[in-house]
Amino acid sequence: MGKNVIVIPAYNEETTVAQVVRDACRAADRVVVVDDGSRDHTSVRAREAGALVVRHAVNRGLGGALGTGIAAALKLGADAVVTMDADGQHRAADAARIFERLAKGDIDFVIGSRMIRGDGGGKMPAHRVLFNAIGNVLTYLLFGVWVSDSQSGLRGLSRKAVETIDLRTNGMEVSSEFIKEIKERSWRLAEIPIPAIYTEYSLSKGQSLFVGVKTAAKLIIRRFIG
Amino acid sequence: MPFSAIQLVLVCFGLFALSRVFLRFRRGGLPLVHLALWVLFWCGVIFAALEPSATSTFARMLGVGRGADVVIYLALVTLFYLLFRTFGKVEDLERQITRVVRAAALKEMDEGPSPTSDRPKG
């Protein structure tokens, strides 16, 4: 069996990261936490919980952290990589299902979609459904790939995808950049249903309307002149 | 013909800007091509301030009604172009910073954490 690595970007997540890492350790051979210049004890908590911590000296944003995490996974010799959020909104069991799907070898990229009905599919708050739909439409118009959950943080990459991916964006717009890579590199895509877990904590940390608008603006500008 | 106040202000500012351009060039912070373009630009500004009727001739050539209008249009186009270039430069810088930060983080991963690396930032 290949080596499975979970990558968790984290910025000021000291209250949740330890539990997320402990759960993730059960689903993967290695867990890499990218501490994106946190001002709290995210690194310590993650390392105590069993993660390999890679630390950014200054905050670079979600895209920058994911790029570093994927590079670290490649150095560790990963055969498959799953990215998940540090705020507890993803289940390690779903990461394990993504690894299983990738192990079949016929898929390069897996999206854990909160929008497909499946086992244990939870409900998303209405405004999140709307934001997500806007994100999907925008991603489709800009990059020409339709996916049911373009903004999902739970994704799986095959060894081939890990080796060839070239993330250039630093911020939240990286979610759509993954989709762009699917199209440009002709990766074979699968979506598997995952439950939408929303805690008060994860809602407070998620994308606000302002961040959403900023992300959308950056995507559009980059598409045409970036 | 006596100078109006606005002409004086524009000429003074043009000369000030030119002096800054030369200063930067002398310090080696400006390539020769940029020096030439900026000198051309600011000399144009000074010329237009001293000889406003010349802009009218230029405006007629371009098919715009008034000399003042053509100056505004050109200024807007220049500003937008510079804004676009600045945007691109900032993006490049952001990417480069990320590359540097990433390289340092991966190096630390190879060597193991330093005694101070768990200390919170700031």
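Analyst: The contact between the two chains takes 17 residues from chain B and 23 residues from chain A, where two residues are in contact if their C-beta atoms, placed from the backbone, lie within 7 Å. On the side of chain B that touches chain A there are seven nonpolar, three polar and seven charged residues. Here Ala, Val, Leu, Ile, Met, Phe, Trp, Tyr, Cys and Pro count as nonpolar, Asp, Glu, Lys and Arg as charged, and the others, Gly among them, as polar. This is a predicted model: local features need pLDDT of at least 70, side-chain atom pairs count only at pLDDT 80 or more, and totals for chains, interfaces and linings use all residues. Residues are numbered from 1 along each chain as its sequence is written, while chains are lettered from A and ligands numbered from 1 in the order in which they are written.

User: Which residues of H3(B) and H4(B) meet?

Analyst: Pro52(B) and Phe58(B) are among those in H3(B), and Val70(B) is one of those in H4(B). That contact divides into six nonpolar, three polar and one charged residue.

User: What makes Ala161(A) buried?

Analyst: Ala161(A) has 24 other C-beta atoms within 10 Å. A residue is buried if that number is 20 or more, exposed if 12 or fewer, and partly exposed in between, so Ala161(A) counts as buried.

Technical notes:
Helix = DSSP H or I, 4+ residues; strand = E, 2+ residues; numbered from the N terminus.
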